[in-house]
Amino acid sequence: MPEPQVREVAAHSIPGGLGLLLSLLGIVLAIGVVVGGGLIANGGNNAVGVPMVVAGVLLLLTCLICLGGVKMVAPGEARVIQLFGRYVGTVRTDGLRWVNPLTSARSISTRLRNHETAVLKVNDAYGNPIELAAIVVWKVEDTAQALFEVDDFQEFVATQTEAAVRHIAIEYPYDAHDEDALSLRGNAEEITEKLAVELTARVRSAGVRIIESRFSHLAYAPEIASAMLQRQQAGAVVAARQQIVEGAVGMVEQALDRISRQGIVELDEERKAAMVSNLMVVLCGDRAAQPVLNTGSLYQ
């Protein structure tokens, strides 16, 4: 983004109560001067009365114009001051403030704002169609840039947020095949941090600061959702079976070791193999074992 041509500065202002009081006193004084000048002029002293009336009228008009310089600033908003189209400063102090009455003031909110994108359909890094949406919390940090650097800063934030979400989506897969790789589903915190960094870079020129960004919706597109669900289920089954086999091998090894160490029964290699096979079937099977009872000797 290009460097901003204007930055926020504080506008010169005085407390609005003082400005209002001085303006009202000036109006009262002007009315008194006009009345006094009229009485003097009616008494025949036009040389003094007429100038007093003219001065009183000019003072009255000046005080009325000065009343227009009293501005009310609510908490959580600012007033951007322009003098004949030129930016002169921003008033952020809440309450009544008095500024140059020849200037114009535009109100702009500095409160926190939420923007939620629509559900976007994009392709992830593996080319799979996915749906995602994001919520961004932001606020206006530089009022001058927000008003003068872009045409509509709210629309600008919305457009740049959608562009950043699309860019992040195509950079990372929904589910990574490599365990060390980042994925949208498995590394949500890291991905949202990268989204916030990219958003900050995109909207900095508009005087906007990104407070937080989060994915509010993340799913495969409907046309491949069932196939990807089967893939995830298969992966879960494989992982569970792997853990079961590892545990079963340890249990078989422990059983053979204890039988041999305690001399419970002497087994040759063939019978050890049969015992290992039977134990693995029992421990790794997904159904309850149905043993065959041998009423003869060990070898019959």
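Start with the buried residues of α5: they pack against β9 (129-140), α4 (153-171) and β10 (208-220). Contact here means heavy atoms within 4.5 Å. Helices (H or I, at least four residues) and strands (E, at least two) are DSSP runs, numbered from the N terminus.

This is a predicted model: local features need pLDDT of at least 70, side-chain atom pairs count only at pLDDT 80 or more, and totals for chains, interfaces and linings use all residues. Residues are numbered from 1 along each chain as its sequence is written, and side-chain values use heavy atoms, without hydrogens and water.

Now select Ile191, Thr192, Leu195, Glu198, Leu199 and Val203. These α5 residues are buried (under 20% relative accessible area; exposed is over 50%, partly exposed in between; 1.4 Å probe, protein chains only). They cover an arc of only 120° around the axis, so they sit on the same side of α5. The arc is that of the directions from the helix axis to the C-beta atoms.

Turn to the other side of α5. Glu193 and Val197 are exposed there.

Next, check the length of α5, residues 188-203. Its 16 residues should span 22 Å at 1.5 Å a residue, and the end C-alpha atoms are 22 Å apart, which agrees. The expected span is 1.5 Å times one less than the number of residues.

Move to helix α2 (residues 46-67) and select Val54. Val54 is partly exposed, at 45% relative accessible area.

Val57 is partly exposed, at 37%. Its C-alpha is 9.6 Å from that of Ile27, 30 residues apart along the chain.
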